[in-house]
Amino acid sequence: MTNEGKLNRIRLADIAIMIIVGAAMLICLIPFLHIIAVSLSSKQEIISDRVTIFPRGWDFESYKIVFQDSRMLRSMGLTIVLTTAFTIVSMIMSICAAYPLTKTQLKGRSFFMMIIVFTMFFSGGLIPEYLLVKQLGLLDSMLSLILPGMISAFNLIILRSFFSSIPDSLEESAYLDGSSHIGTLIRIVLPLSLPALATLSLFYAVSRWNGFMDALFYISNSEMYPIQLKLYQVVMNSMVTDLTAQEGAAATEVVAEGLKAASIMFATVPILIVYPWLQRYFVSGVMVGAVKG
Amino acid sequence: MNRSLARSKPLPLARRRQATGIWKDYQLYLLLILPIAYFILFKYVPMYGAAIAFQDYSIFKGVTGSEWVGFENFRELFKMEQFYIVVRNTLMLNFLDLIFSFPAPILLALLLNELRVTWFKKTAQTLLYLPHFISWIIIGGLVYQMFSNQGGLVNNVITAIGFDTVPFLTEKNHWLLVYLGTGIWQSAGWGTIIYLAALTGINKDLYEAADVDGASRLKKMWHITLPGIRPTIIVMLIMQLGHIMTIGFERPFVMGNTLVMDYAEVISTFVYKAGLQSAQFSLATAMGLFQALVGLFFVILSNTIAKRFGEQGIW
């Protein structure tokens, strides 16, 4: 075979792979493009099913309604505060747990690890957890959305293996200079772990931003609904009603389609803004140690 | 003389630390107090609380005051037709996920690994990871917008090219396809991360040696790349198999509707409805405990099998 022929074949294969991956990318993207298009299109165009992935008959009415809905804004503000508080608390707790567990001289280290890892494979279940939160008097309080899930055993293990990968010699020299464990953690270990800390903060923040199961269980006061639960109430409920209602009966609902799309975008945009900035920190190295428990 | 000289040298670090003992490390224990307290209060106390599965639980009497009824709740549970439906659905949805969603990130990672154009690869990864960061509520909304009978984009396209509307969300078998497809859509991209990480660990010399032997790209993929990530695949498979009884709450809850409940009602949604909506706390806890115990059994079983086959396992 000539050299040229081989080169061509490789190029063809490359193009084929790019086309397949490109198709996968398109599949990821189309639902978002469609919902953006719907949120920005006029009612007539939406009703007549002409909106695909480009907005038709530009109309910002839906967004105006969302931004004038004080309950929606309130939910959003509350969720931003909640997510920030949760992420800070979770990170502090995870760091506090992960660092000592890297130290071989820690007595009972494997016992502590065992009681943490075991929770990944066995749990008391939703109802006992609910009853606990109820008994602690946390129902209908923001604390019920922070405390019960503040440490993820999985994230803790990722952080622990990252801390372990930092060369001991660096910490040893700090000890020789008379630094305490906490001092070493703050001055040496944490500054060297910024990519891991950024990644885990993102994991915690996204899980809090997106989670709604606990809010559905613990929060009954609609004034305190986080954004996802609010969205569930506004968007999903009416969608499911449409779906199961008789044809024709739902015709009037269709008009609000743009509003639903705008609400969905409203809750998604914060993620879309933060995501690209933090995405570069998903160092593959952070995940390597994570697979093994 | 000799002895005193030796003594004046500082003790080795390890010895010094040992000499001062636990006290030297008190800060490590201090750091651990709150996290361990967290795990005990929010993870182990509910395990104790699961004892109400064996009680006729009354919210006023609490775990300590309620009457013990032995396996009465389990007997009642096993008599319910609904029980077998939700267990079947949970196993079915998880098993189909395992068949369809599990290989997807492996294939995608192999493809991404073959991409030579860096900017394209970076863009692809950014886009493919994105669905993982979207909540199930929003995904539910997207799915509805795409697949609804009335005005859904896919059905609009289908009717535009002259076919009949497909009841994607209202007929249970079609719904199943959408449910599985959505799972792949949401998790395949993010799932590649772990395999891409494993791929970086493969010795580059192997590829060079294969090049010298004139191996094709497909051959290299089959004989070098795949065996290279096999331990990772096995670990991920064990984890998935171990979770065959465990189903998240949000995905089936958001995607299900009354017309497809034959398939969409699973253990987690059943526990929610029986426990929190109908206040049958003991019955719902029994269901949860049944799931947790069977789940634990599957984790141990799959780990043992993996070890039997000479793989590493997860512990």
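## About the model

This is a predicted model, in which local features need pLDDT of at least 70 and side-chain atom pairs count only at pLDDT 80 or more, while totals for chains, interfaces and linings use all residues. Residues are numbered from 1 along each chain as its sequence is written, chains are lettered from A in the order in which they are written, and side-chain values use heavy atoms, leaving out hydrogens and water.

## Where the chains meet

Let's start with the interface. Here 96 residues of chain B are in contact with 103 residues of chain A (contact means heavy atoms within 4.5 Å). The size of an interface is often given as the accessible area lost when the parts come together. For chain B and chain A, the buried area (accessible area lost, with a 1.4 Å probe, summed over both parts) is about 9,500 Å², and carbon and sulfur atoms give 77% of it.

## A bridge between chains

Two salt bridges cross this interface (a side-chain nitrogen of Lys or Arg within 4 Å of a carboxyl oxygen of Asp or Glu). Asp14(A) pairs with Arg217(B), their closest N and O atoms being 2.9 Å apart. Both Asp14(A) and Arg217(B) are buried (under 20% relative accessible area; exposed is over 50%, partly exposed in between, with a 1.4 Å probe and protein chains only). Together with Glu114(B) and Arg116(B), they are linked in a network of salt bridges.

## A bridge within chain B

Arg75(B) and Glu72(B) also form a salt bridge, at 3.0 Å from N to O. Arg75(B) is partly exposed at 49% relative accessible area, and Glu72(B) is partly exposed at 35%.

Note on methods. Buried area is the accessible area (1.4 Å probe) that two parts lose on being put together, summed over both.
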